[in-house]
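Subject: Structure for you to look at

Hello,

Here is the structure I said I would pass on. Please open it next to this message and follow along.

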Amino acid sequence: MAAAISLLVAVTLSILVTRVATVALTLTGLSREVARFQARSAFSGVGFTTSEAESVMKHPVRRRIVLLLILLGSAGVVSVIATLILSFVGSSGPADAAGRGALLLGGVVVLIVIARSQLVDRWLSRTIERALKRFTRLDVRDYASLLRLSGNWSVAELEVREGDWLANRTLEEVDLPHEGVLVLGIERADGRWVGAPKGTAPLYPGDTVLVYGMERTVAELDERDKGQRGERLRRKARRRYEEHMTEQQKHEPDG
């Protein structure tokens with residue numbers, strides 16, 4: 001019976017560890033969904049290779065969190081398997097084994113219900129966040145929430161290629177704000193970073209442009225070529241943004 005209880009304790013600690021890691025990763029700027037996915041991937045040892053995973057490995061604080069999760073996950077999986085085996089090997093008979101199995105199943109069901117509870121989730125997240133803010137120096141920024149990355153808005157990286165509509169033009173010439181797109185920064189081909197660039201900043205083939213704006217326009221902008229077709233798409237994007245702003249103004253309270 002002690003082995004079965006030990007197994008439930010190990011599972012509970014596993015859930016708590018991944019929850020703490022999720023909140024910690026959120027405080028470094030990841031959205032909650034991405035943070036939860038990366039925490040569970042690292043703890044389980046799955047190791048998905050995604051752009052989010054690359055952003056984790058490039059960030060020193062996130063990297064330490066994930067490395068600790070990998071270590072704890074490796075030890076935790078072995079312990080859980082060993083405890084599970086011992087809990088049934090040490091049983092005195094079929095009836096005892098059935099009782100332990102029922103205890104384990106019931107305990108796991110209770111843990112799943114608690115883990116999925118929104119009330120528990122909010123309370124636990126707030127508690128962990130307060131503790132992390134007090135005892136650590138994590139960068140508290142949830143960019144997905146701050147930038148309202150849902151619905152019509154998104155952040156994306158656009159690679160400037162030869163022949164692109166953006167190539168060899170200045171930000172002032174392309175005038176992206178009138179399409180509902182803001183340029184947050186430019187990574188030059190040699191690795192230099194230009195944050196909050198001025199209108200005179202040129203865009204060269206090989207540059208990567210970080211933009212925030214209307215999702216449809218951002219996606220279309222990445223495929224926009226030079227020439228008449230590119231200019232037609234530009235005019236359509238402007239009209240779309242103007243219609244969006246007009247519709248938005250209808251819902252604004254009268255001054």
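Thr217 lies in helix H9; helices here are DSSP runs of H or I with at least four residues, strands are DSSP runs of E with at least two, and both are numbered from the N terminus. The model is predicted, so local features need pLDDT of at least 70 and side-chain atom pairs count only at pLDDT 80 or more, while totals for chains, interfaces and linings use all residues. Residues are numbered from 1 along each chain as its sequence is written, and side-chain values use heavy atoms, with hydrogens and water left out.

Is Thr217 buried or exposed? Its relative accessibility is 0%, so Thr217 counts as buried. Buried means under 20% relative accessible area, exposed means over 50%, and partly exposed is in between (1.4 Å probe, protein chains only). The side chain of Thr217 makes a polar contact with the side chain of Arg240, at 3.1 Å. A polar contact is a pair of N or O atoms within 3.5 Å; within protein, one must be able to donate a hydrogen and the other to accept it, and residues adjacent in sequence count only if both atoms are side-chain atoms. Leaving aside residues up to four places away in sequence, Thr217 touches Glu179, Val181, Ala237 and Arg240, where contact means heavy atoms within 4.5 Å.

Next, the sheet. Four strands form an open sheet in the order S1-S6-S3-S4, with antiparallel pairing; two strands pair if DSSP finds at least two bridges between them. Strand S1 (153–159) and strand S4 (193–195) are at the edges with a single partner strand each, so one side of each has no neighbour in the sheet. From one strand to the next the twist averages 25°, taken between axes that are lines fitted to C-alpha atoms, with angles from 0 to 180 degrees between N-to-C directions.

The pairings are as follows.
- S1 and strand S6 (residues 208–214) run antiparallel and are joined by 7 bridges; Trp153 stands opposite Met214 in S6.
- S3 and S6 pair in the antiparallel sense over 6 bridges, and the partner of Ile186 in S6 is Val209.
- S3 and S4 are also antiparallel, with 3 bridges, and Gly185 stands opposite Gly195 in S4.

The hairpin of S3 and S4 has 5 residues between the strands, and Gly191 in this hairpin takes a positive phi near 95°.

Which residues have the most contacts inside the largest nonpolar core? They are Leu166, Leu171, Leu176, Val183 and Val211, in a core of 17 residues. A nonpolar core is a set of buried Ala, Val, Leu, Ile, Met, Phe, Trp, Tyr and Cys residues joined through side-chain atoms within 4.5 Å. Two or more residues each come from helix H8 (171–174), strand S3 (181–187), S6 and helix H9 (215–221), and the largest share, 3 residues, is from S3. Apart from this core lies another of 14 residues, including Ala21, Leu30, Ile65 and Leu69.

Two loop residues other than glycine have positive phi values. Asn168, in the loop between S1 and strand S2 (169–170), has phi near 60° and is partly exposed, with a relative accessible area of 42%. Asp175, in the loop between H8 and S3, has phi near 50°.

As for the whole protein chain, there are 10 helices and 6 strands, and buried residues make up 34% of its 255 residues.

Regards
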